[in-house]
Amino acid sequence: PMSTATHKGTFLAKNATIVNGVLCLTLTQSTMSYGISSKGGEISTIEKFGYGTYEYSVEQAKPQQTDAVGTPVSGSITGCFNYLTASATEIDIEVEGNERNRTTQLTTWINEAKPNEHTDVSPAGALPHEAFFDYKFVWTPGKIQFYRNGVLIGTHTKVVPTEPAPFIFNHWGTNSVNWGGLATPDVIRYMWVKNFRFTPL
């Protein structure tokens, strides 16, 4: 998670739980003497996955711990992605908690020091924190196609990783005027994941 001199981010095992058969990743933020403490949740596969089809259902972060329509809160990132050390492979589907919470962000990296390929997609209908969305991406040599609720929302061909990587779901805190938004202390937020399936190429 993102950390600076005035923001310390960590993941806690207790913030990854199963509630009524659904994975729940919790985020809390609190005010400390140095600034903001963010404690989020993360779960990762042990196995590395490469070319193939990735499918999962996610409801983005909100402060309601129910299936009711939620309200986004500034200061978080909802992340679903393949990741290998130093972004040797990184394929992201992310939503910010700030005013850009209506946008699904698709990003691919091959090396964090090099330019990425990025697409912003605004949803039609429900917003990412209002309902479970079915996400899918198909990773093939030289191309990644992203889908949301069965609709193609982006295709990346300029920056396409080649190395297999673990798949990660995480919910982590920010305190930035840019990425994720400024922190919102003392408001617990929940990210929900119903399923995950990988089908090799």
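## A pocket, a cavity and an all-strand chain

The largest pocket of this protein holds about 410 Å³ of space. The 19 residues lining the largest pocket include Tyr83, Glu90, Asp92, Glu94 and Trp172, which are the closest to its centre. This is a predicted model, so to speak a computed picture: local features need pLDDT of at least 70, side-chain atom pairs count only at pLDDT 80 or more, and totals for chains, interfaces and linings use all residues. Residues are numbered from 1 along each chain as its sequence is written, and side-chain values use heavy atoms, with hydrogens and water left out.

**Finding empty space**

- Rolling a probe the size of a water molecule over the atoms shows where empty space is left.
- On a 1 Å grid over the protein atoms alone, a cavity is a set of points where a 1.4 Å probe fits but cannot get out, while a pocket is an open set with protein on both sides within 12 Å along at least five of seven lines. Lining residues have an atom within 4 Å of a point.
- Grid points are joined across faces, edges and corners, and a volume is the space filled by probe spheres set on the points.

**The largest pocket**

- E6, E7, E8 and strand E13 (167-173) each give two or more residues to the lining of the largest pocket; strands (E, at least two residues) and helices (H or I, at least four) are DSSP runs, numbered from the N terminus.
- Sorted by class, this pocket lining has nine nonpolar, five polar and five charged residues. Here Ala, Val, Leu, Ile, Met, Phe, Trp, Tyr, Cys and Pro count as nonpolar, Asp, Glu, Lys and Arg as charged, and the others, Gly among them, as polar.

**The largest cavity**

- The count comes to one cavity of 30 Å³ or more, and the largest cavity has a volume of about 60 Å³.
- Residues lining the largest cavity include Gln60, Pro72, Ser76, Glu96, Asn101 and His129.
- Strands E5 (52-62), E6 (76-84) and E7 (89-96) each supply at least two residues of the cavity lining, with the largest share, three residues, coming from E6.
- The cavity lining has five nonpolar, six polar and one charged residues.

- Asn101 sits in the loop between E7 and strand E8 (104-109).
- With a relative accessible area of 12%, Asn101 is buried; buried means under 20%, exposed over 50%, and partly exposed in between (1.4 Å probe, protein chains only).
- A polar atom of the Asn101 side chain lies 2.5 Å from the backbone oxygen of Asn98.
- Leaving aside neighbours within four places in sequence, Asn101 is in contact (heavy atoms within 4.5 Å) with Pro72, Val95, Glu96, Pro128 and His129.

**Lys143, on a strand**

- Lys143 is in strand E11 (residues 143-148) and counts as partly exposed, at 31% relative accessibility.
- Not counting residues up to four places away in sequence, Lys143 touches Val138, Thr155, His156, Thr157 and Val160.
- Lys143 and Tyr51 are 92 residues apart along the chain, and their C-alpha atoms are separated by 9.9 Å.

**The whole chain**

- The protein chain has zero helices and 14 strands.
- Its radius of gyration is 16 Å, close to the 17 Å that the globule rule gives for 201 residues, so the chain is as compact as a globular protein of that length. The radius is taken over C-alpha atoms, and the rule is 2.2 Å times the number of residues to the power 0.38.
- Along its principal axes, the C-alpha trace spans about 50 × 35 × 30 Å.
- Of the 201 residues, 49% count as buried.

Notes:
A polar contact is a pair of N or O atoms within 3.5 Å; within protein, one must be able to donate a hydrogen and the other to accept it, and residues adjacent in sequence count only if both atoms are side-chain atoms.
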